[in-house]
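Me: I am new to this structure and would like to understand the words used to describe it. Could you show it to me and then take my questions?

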Amino acid sequence: TRKAFYRCPPSLGIVPGDAVVVEASPGHDIGVVSLTGELVRAQMARKEKEQDTFELRKVDRKATQEDLDRWHAARKLEDETLFATRVIAREARLDMKVTDVEYQGDGSKATFYYTAEERIDFRDLVRRLSDRFHVRVEMKQIGARQEAGRIGGIGGCGRELCCSTGLSDFRSVTTSAARYQQLALNPQKLAGQCGKLKCCLNYELDMYIEAIKSYPSQNAKLKTRQGTGAHIKTDIFTERMFYGFKRPGEPFIMASFPVEVVRDILAQNKQGIEPEVDLNMVDEAPEKVKTPDYENVEGQDDLTRFDS
């Protein structure tokens, strides 16, 4: 989940997928090349990085088998270090949650990722961790979304979390995104594993906002001979708007109208006309699902075809 830009001499012949040894502070680190060439400049411009490559740390060489063995040996210590660090933080009574530990490629430095609601004074913790694991300690605070991205998991959709796969920028998500999409404001369904609103609420938000702009105002009321209707909801997929009608002494009625009918009624209301409408307007008959043009040949689709 961590990427950085490095300057690479052309003589090394680096291609995406190669394991390389890069400069670090202190010592060296090992990483896998994901992008090379002019595409890297485009990514640097997108992330607003300095285009002067001489300011970047450089790639030393391709990783040898000895470098990889040392790297894998360091990574095997991460789980043990993580659990021990949580115990030390609990004993120090620090209100923080250590979520992940990452060792540098040469094993001389360890980065501890943590989440906390308030500022933490971990100077004593750093001293104890350095004495315990004999490495240089770096503490890095991350947010709840970054925590979920590093840990990973399966979302409610059944797929791997977006923040741990393809999502690179974490935009703020508000409840207005759910309101625009006519979603029920149920925190248990709208919240992801990080406890925040799901990032996917923003994926189709622009399309919903653009579609709703072309619809009549939801604050406008329909004045008809059957009563005055107040807007309840809008279904942009079927292009229908739902209104509730309540007349004294009569039960509440909810009716749906096509968008064009709503525009026509509002236009007549501006002229002072209250048209007569059918509150029991029946939706259009659903289209018949086309049956597949193939048949079950000799019981090939039978679930018990292998029993005998």
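This is a predicted model: local features need pLDDT of at least 70, side-chain atom pairs count only at pLDDT 80 or more; totals for chains, interfaces and linings use all residues.

Me: Why are α3 and α4 called oblique to each other?

Reply: Helices here are DSSP runs (H or I, at least four residues), strands are runs of E with at least two, and both are numbered from the N terminus. Helix α3 covers residues 78-91 and helix α4 covers residues 123-133, and they pack at an angle of about 140 degrees with their axes 11 Å apart. Axes are lines fitted to C-alpha atoms, for helices over the stretch in contact, and angles run from 0 to 180 degrees between N-to-C directions. Angles under 35 degrees count as roughly parallel, over 145 as roughly antiparallel, 65 to 115 as roughly perpendicular, and the rest as oblique. The angle of about 140 degrees is therefore an oblique one.

Me: Which residues make the contact between α3 and α4?

Reply: Contact means heavy atoms within 4.5 Å. On the α3 side the contact is made by T81, A84, T85, I88, A89 and E91, and on the α4 side by L125, R128, L129, R132 and F133. By class, this contact has six nonpolar, two polar and three charged residues. For those classes, Ala, Val, Leu, Ile, Met, Phe, Trp, Tyr, Cys and Pro count as nonpolar, Asp, Glu, Lys and Arg as charged, and the others, Gly among them, as polar.

Me: What makes T85 buried?

Reply: Buried means under 20% relative accessible area, exposed means over 50%, and partly exposed is in between (1.4 Å probe, protein chains only). T85 lies in helix α3 and has a relative accessible area of 0%, so T85 is buried. Leaving out residues up to four places away in sequence, T85 touches V98, F112, L129 and F133.

Me: How do you know whether T81 is buried or exposed?

Reply: T81 is also found in helix α3, and its relative accessible area is 3%, so T81 counts as buried. Its contacts, not counting residues up to four places away in sequence, are V101, Y103, F112 and F133. T36 is 45 residues from T81 along the chain, and their C-alpha atoms are separated by 34 Å.

Me: Why is K221 called partly exposed?

Reply: K221 has a relative accessible area of 48%, so K221 is partly exposed. This residue lies in the loop between α8 (205-213) and β7 (222-224). K221 touches T228, G229, A230, L266 and N269, not counting residues up to four places away in sequence. S217 lies in that loop between α8 and β7 too, and with a relative accessible area of 43% S217 is therefore partly exposed.

Me: What makes a group of residues a nonpolar core, and which members of the largest one touch the most other members?

Reply: A nonpolar core is a set of buried Ala, Val, Leu, Ile, Met, Phe, Trp, Tyr and Cys residues joined through side-chain atoms within 4.5 Å. The largest such core has 20 residues, of which M96, Y103, F112, L129, F133 and M139 touch the most other members. At least two residues of this core come from each of α3, β4 (97-103), β5 (109-115), α4 and β6 (136-141). The largest share, four residues, is supplied by α3. Another core lies apart from it, with 16 residues, among them I212, Y215, I236 and L279.

Me: Which peptide bond is cis?

Reply: The bond from S25 to P26 is cis, with omega near -5 degrees. P26 lies in the loop between β1 (19-23) and β2 (28-32).

How values were computed. Residues are numbered from 1 along each chain as its sequence is written. Side-chain values use heavy atoms; hydrogens and water are left out.
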